[in-house]
Amino acid sequence: AQKLWLAIEAALPRVDVVDLEKMPQNIGDRTNPLFHLANVPNAESCHGSNLTRPLDEIEATQAQLKTLRRKLRGLEKFGEVKFIVANTPAQRDVLLAAALNQKQRRFEETRVPGFAESPQTREFFEQATSVFAQTDNLHFCALSVGGEIVATSWNVALGTRLYELMIGFAGGDWSKHSVGRILNLMLLKWAKENGYHYLDHGIGDEAWKAENCDTHVHLGRMVVARTPRGRLALALSKLILRLQGTALYRRLRPWKWIVRRALQRN
């Protein structure tokens, strides 16, 4: 693996820092050679659901399953509850508009940079929706209550694996009904019935993944400096991380978000 990477690096322009992140130990049923180069653990891991087991065992992996089913029944008082799979351009447009709005709402709620700060992310989903639909790799689903889209899941299918790249759910009164988790429960059942073996929820150590996923994939990372400038950059990066871990930084972080939003409006 070391010889392989050195050969790759030799063919590239000279760099100050090499940073290979998010490296799994295996890719499918093959060993990932670059994983052996990892010198630090990746900050976050991957999570997913094994769909090769009976459906009742899959559903049993969901935290507070009885409460979730009770909430699902409770949604029926607001109107017809539907699990929607977009199969036409018009359906995909409706779901995409809802998904992007729901994701932006969540960005603002958690006070992290959103589509305004990263317009290329929004452009990716707008273009990829059409591209992957044309190749039959897109699986775009939603939970509808009384005709209103209250949760969305944007997925790409590859073989028997389904990769969830973006999820969204409505806020306000809908949030107390756990509509995002209800959609995930429906998606697990749909994916199982349609021959998928694994639902990959992607990278990120959010609490809901730890509680509801039965598979956790640890990732490796290689970070090395190749020049004095690179060593200085890594030292500054470590210093910034230490500062971000202080109580003072955590108190100031919400104010940074508020100031940034105010500047964007002006």
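In the hairpin formed by strand 7 and strand 8, with two residues between the strands, Gly-146 adopts a positive phi near 60°. Helices (H or I, at least four residues) and strands (E, at least two) are DSSP runs numbered from the N terminus, and two strands are taken to pair if DSSP finds at least two bridges between them. The model is predicted: local features require pLDDT of at least 70 and side-chain atom pairs count only at pLDDT 80 or more, whereas totals for chains, interfaces and linings use all residues. Residues are numbered from 1 along each chain as its sequence is written, and side-chain values use heavy atoms, with hydrogens and water left out.

Strand 7 (138–145) pairs with strand 8 (residues 148–158) in the antiparallel sense through eight bridges. Within this pairing, Leu-138 is placed opposite Val-156 of strand 8. Strand 6 also pairs with strand 7 in the antiparallel sense, over five bridges, and Lys-82 stands opposite Ser-144 of strand 7. Burial is assigned by relative accessible area: buried means under 20%, exposed over 50%, and partly exposed in between (1.4 Å probe, protein chains only). Eight of the eight residues of strand 7 are buried, so the strand is largely enclosed by the rest of the structure. In a regular strand the side chains alternate between the two faces of the sheet. In strand 7, Leu-138, Phe-140, Ala-142 and Ser-144 point one way, while His-139, Cys-141, Leu-143 and Val-145 point the other way, and all are buried.

Helix 3 (residues 65–75) has Leu-65, Leu-68 and Leu-75 as its buried residues. Viewed down the helix axis, these buried residues fall within an arc of 75°, so they line one face of helix 3; the arc is that of the directions from the helix axis to the C-beta atoms. The face turned away from the buried side carries the exposed residues Lys-66 and Arg-73. The buried residues of helix 3 pack against helix 2 (55–59), strand 6 (81–85), strand 7 (138–145) and helix 6 (179–193), where contact means heavy atoms within 4.5 Å. Ser-178, in the loop between strand 9 (161–169) and helix 6, touches Leu-68 and Lys-71 when residues up to four places away in sequence are not counted. Ser-178 and Ala-151 are separated by 27 residues in sequence and by 9.5 Å in space, C-alpha to C-alpha.

An open sheet of three strands has the order 1-12-4 with antiparallel pairing. Strand 1 (17–24) and strand 4 (40–41) stand at the edges, each with a single partner strand, so one side of each is left without a neighbour in the sheet. Strand 4 is joined to strand 12 (residues 219–225) by two bridges, and the two run antiparallel. Val-40 has Arg-221 as its bridge partner in strand 12.

Positive phi values also occur in residues other than glycine. Arg-111, located in the loop between helix 4 (89–110) and helix 5 (119–134), has a positive phi of about 60° although it is not a glycine. The relative accessible area of Arg-111 is 37%, and the residue is partly exposed. Asp-136 occupies the loop between helix 5 and strand 7 and has phi near 65°, a positive value in a residue other than glycine. Asp-136 counts as exposed, at 68% relative accessibility. In helix 8 (residues 228–244), Arg-229 is likewise exposed, with a relative accessible area of 64%. Arg-229 and Leu-75 lie 154 residues apart in sequence and 58 Å apart in space, C-alpha to C-alpha.

For the protein overall, nine helices and twelve strands are assigned. The C-alpha atoms fill a box of roughly 65 × 50 × 35 Å along the principal axes. Of the 266 residues, 35% are buried. Among contacts between residues at least 6 apart in sequence, 73% join residues at least 24 apart. The protein has 37 positive and 27 negative side chains, and the centres of the two sets are 7 Å apart. Lys and Arg count as positive and Asp and Glu as negative, whereas His and the chain ends are not counted; the place of a charge is taken as NZ of Lys, CZ of Arg, CG of Asp or CD of Glu.
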